[in-house]
Amino acid sequence: MSADFGIISIGAYIPRRRLQRAAIHAANGWFAPNLRGLARGEKAIVNWDEDAVTMAVDAARDCLAGQSKEDVIALSLASTTLPFVDRLNSGIVKEALNLSENMQAFDLTGSQRAGTSALMQALGSNATQLCLAADNRKARAGSEGEMLQGDAAAAVLVGEGEPIATLRGSHSMTIDFVDHFRSTGEDYDYAWEKRWVRDEGFQNVLGGAVAQAIEKIGVKAADIDHVLIALPGKSLPPKFVKSLGFNPESVADTLFSNLGYSGTAHPFVMLAAALERAKPNETILLASFGQGADVMVFETTKAVTQKRDTGGFEKGLANKSADENYLRYLFHRGQLDLEKGMRAEYDEKQPGTALSRDRKTVLGLIGGKCRETGVVQFPKTDISVAQNHRATRTQDDYPLSDKLAKITTFTADRLTYSPDPPTYYGMIDFEGGGRMISEFSDVTEEDVSVGRDMRMVFRIKARDDMRKFTKYFWKATPVREATKSEAK
Amino acid sequence: MARGIKDKVAILGMGCARFGERWDKDAASLMVEAFEEALEDAQIDVSELDAAWLGVGFDGQNIGPSGIPASIALRLPNIGVTKVENYCASGTESFRGAVYAVASGAADIALAMGVEKLKDTGYGGLPVRTRGTQWDMIGTNGSAPGNFAQLASAYRAKHGVSPDDLKRAMAHVSVKSHANGAKNPKAHLRKLIDIETAMKAPMIAEPLGLFDCCGVSDGAACAIVTTPEIAKALGKIDLVLVKALQLATSNGWEMQGAGWDGSYMHTTRMAAKRAYAEAGITDPENEISLTEVHDCFSITELVTMEDLFISKDGQAWKDVLDGKFDADGKIPCQIDGGLKCFGHPIGASGLRMIYENYLQLLGRAGDRQRKDPPNLCLSHNLGGMPFQNVSSVAIVGLEK
């Protein structure tokens, strides 16, 4: 493997809402008093219009900022919460990112280490691959999982060029160790006794794989600058750290207090966090667990500090809104059956023909730019919208997803059905031309005013509950200080 | 400009059902109620009708997509009945069909019927329905109040009006219409309200509260039209003539182009200009006696005063507060109570407005009759959303 092949860029996405664990315990403490010890800090949760696909798109956009999309010839999406079992989820992501049609794309699932397995495979190839991982797992109300788990996504771009980190070595172990499982079609995990999982799973299986990797790769545990062990919980078991000989100060935070354990995304999220603060020539060990373990050891390059312009992890952590509405959280995850009213009965049936025909418009937010007048419009049409120049079939594809926009009109609608009322929407005008009527996501009353800067995000538009189909489109969200560099 | 419709068609008779939550009546019975009054007014036999148009806003909502239900309900003599729909302008669209048929000479006497049985849908407001396959993928999941509420945000920003000032002017619009509707036996909502009630009502779509929204009702209204010559031959003395009938339809510029600021209706301005030209009106503020405009929401009525050029840009909110459009003001607006008090059975509304203008011109409006005799009366519909719509303007007046 050449020295200029490795991790070119990394990105992360953390949903804005942070559910306060105290609010969970306030609701469920009467039933599950044993979880009081976990009722601290907050966890990131998706809004009703987000899922693994939309989060993956957000993370990928963070990762690809400033990178050449044309070079990406493979795309992988790892998750145990993919919205579709048989429709290529990474194919939806590809459309949203406006990547080339002539590429490979694949979904990986089945374990919490699906993401690292894909990354390992990518690092072993010579292709430019965008490795994505995203999870928004469902946990029963009153369960430990509900306290531990958070939602997030991260993206790692692997390829040739000027890597921020290169792979020094890797090791995998596969054992059908069933600490928890979730069968096809089921919403919830079933977990075995915690003490057994800790001793046999974390210590022996994962710890054993890490020990083998260290030996195989030829690094000293004490010399590793960033030890990233992706496990749920407030911290790693002390015995685990001690027995492997890591410097306790090098062991990375498990992100329990501010994010929660984000499943397949977690190893990538931890890697993003580490790479955002790592110095050149440092050693990073990344390990994930799930019916065995994946272990990788990286070495950072001098580019790791030079290319730190996106910083999706830190910015994502900072872009937050504390949420104490536990019932809304349950409702958004389909765990509370609220009376939605007649307006929610609207048939969201999606003609497959129309989606296929308009996929660039709908999934890619591609408008048209007239090559005679330069007029930009959305959607693209045969005859230009320009009032004083009737140009016909002169429009070239014009992607709008990375353009900033300003609010021209708005309202907060309490009549129309929304899982998160009121529904904010209005007309927005893009910088450089083009306008659309757009729904606004992740906003409050204070966020909307005429002239407000907005940026576009890929979100769920609606769900067809009858046929179980998820419809995606783009929405506008306020440009906040922490995210200003994301849209260019 | 085309030769236009001015003075070519006379209204022979009109009818209007009582609007409201007509739990006991279906669309057929509502049409019969309006039709009986119109036939009586026109003093003709049903066999004298040559053609008919039926305006219904919601395709297949309750009577299906054809003219057959009107033909059956009214037992028409197997004449051509054309169903038309053009969102909230469907009633005026139906009138346009009948008027054009008479003007062309293809029909001597034609019927324009509009009906909507909204209260069979189960919704408090208008039912949720598709606006087309592509809109369902890229449009907003918004309601009618939400779409019109945006006018207020843009109007405030453009003219520097404070939210409280605009809300108070909007409240005045509704209070005025309720005062008018209370006097009208055919109106749905006949209760007086005050400014504070309107301003403090529950929010529907910011900044529109409950009393900024029109009612939701069942209703039907119709017109029988003919040529002025035939009307006179049939014994009519005071003739109400069609002076102008214009429709303007968005071509996408507002929503996709550049330049529209969201604070007014582009199409209404186009339709108004054409209608004034057609009717020979050069000074609408001083020539129009009264208006029945599309007050689906208070803010719609307010900006429409500017779109019809009877208020200056940015001044309508002040004119409203000054009482210019009150029943005793310079140019009364919704002297019958408007959509606000009649509710808005889509297909019927345009004809209900013309019905009031017809009564006012003939001095038959009872308690709410304008004392200063009206000369030219304007009605206006706005179908769709401010950013993409069809707007109609109809002007009727007495034969000179």
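Me: Where does Gln334(B) sit, and is Gln334(B) buried or exposed?

Reply: Start with the rule: a residue is buried if 20 or more other C-beta atoms lie within 10 Å of its own, exposed if 12 or fewer, and partly exposed in between, with C-beta atoms placed from the backbone. Gln334(B) has 31 other C-beta atoms within 10 Å, so it counts as buried. You'll find Gln334(B) in the loop between helix H13 (316–321) and helix H14 (338–342) of chain B. Those element names come from DSSP runs, numbered from the N terminus: helices are H or I with at least four residues, strands are E with at least two. Gln334(B) also has a positive phi, near 60°, though it isn't a glycine.

Me: What is the phi of Tyr87(B), and where does Tyr87(B) lie?

Reply: Phi is near 50° there, again a positive value in a residue other than glycine. Tyr87(B) belongs to the loop between strand E3 (80–84) and helix H3 (90–104) of chain B. Tyr87(B) counts as buried because it has 20 C-beta neighbours inside 10 Å.

Me: Before I go on, what kind of model is this, and how are residues and chains labelled?

Reply: It's a predicted model, where local features need pLDDT of at least 70 and side-chain atom pairs count only at pLDDT 80 or more, while totals for chains, interfaces and linings use all residues. Residues are numbered from 1 along each chain as its sequence is written, and chains are lettered from A and ligands numbered from 1 in the order in which they are written.

Me: What pLDDT does chain A average?

Reply: pLDDT is the predictor's confidence in each residue, from 0 to 100. Chain A averages 95, and 97% of the residues score at least 70. Over residues 484–488 of chain A, though, the pLDDT is below 50. Where pLDDT is low, the predicted coordinates should not be read in detail.

Me: How many residues of E4(A) are buried, and on which faces?

Reply: In a regular strand the side chains alternate between the two faces of the sheet. For strand E4 (residues 74–78) of chain A, 5 of its 5 residues are buried. Ala74(A), Ser76(A) and Ala78(A) are on one side, with Leu75(A) and Leu77(A) on the other.

Me: Which strands pair with E4(A)?

Reply: Two strands pair if DSSP finds at least two bridges between them. E4(A) makes 5 parallel bridges with strand E5 (residues 104–108) of chain A, where Leu75(A) stands opposite Ala105(A). E4(A) also pairs in the parallel sense with strand E6 (residues 129–135) of chain A, over 5 bridges; there, Cys131(A) is the bridge partner of Ser76(A).

Me: How many residues are in contact between chains A and B?

Reply: Two residues are in contact if their C-beta atoms, placed from the backbone, lie within 7 Å. By that rule, 38 residues of chain A are in contact with 33 residues of chain B. Among the elements of chain A that each supply at least two residues to that side are helix H12 (352–357) and strand E23 (469–478).
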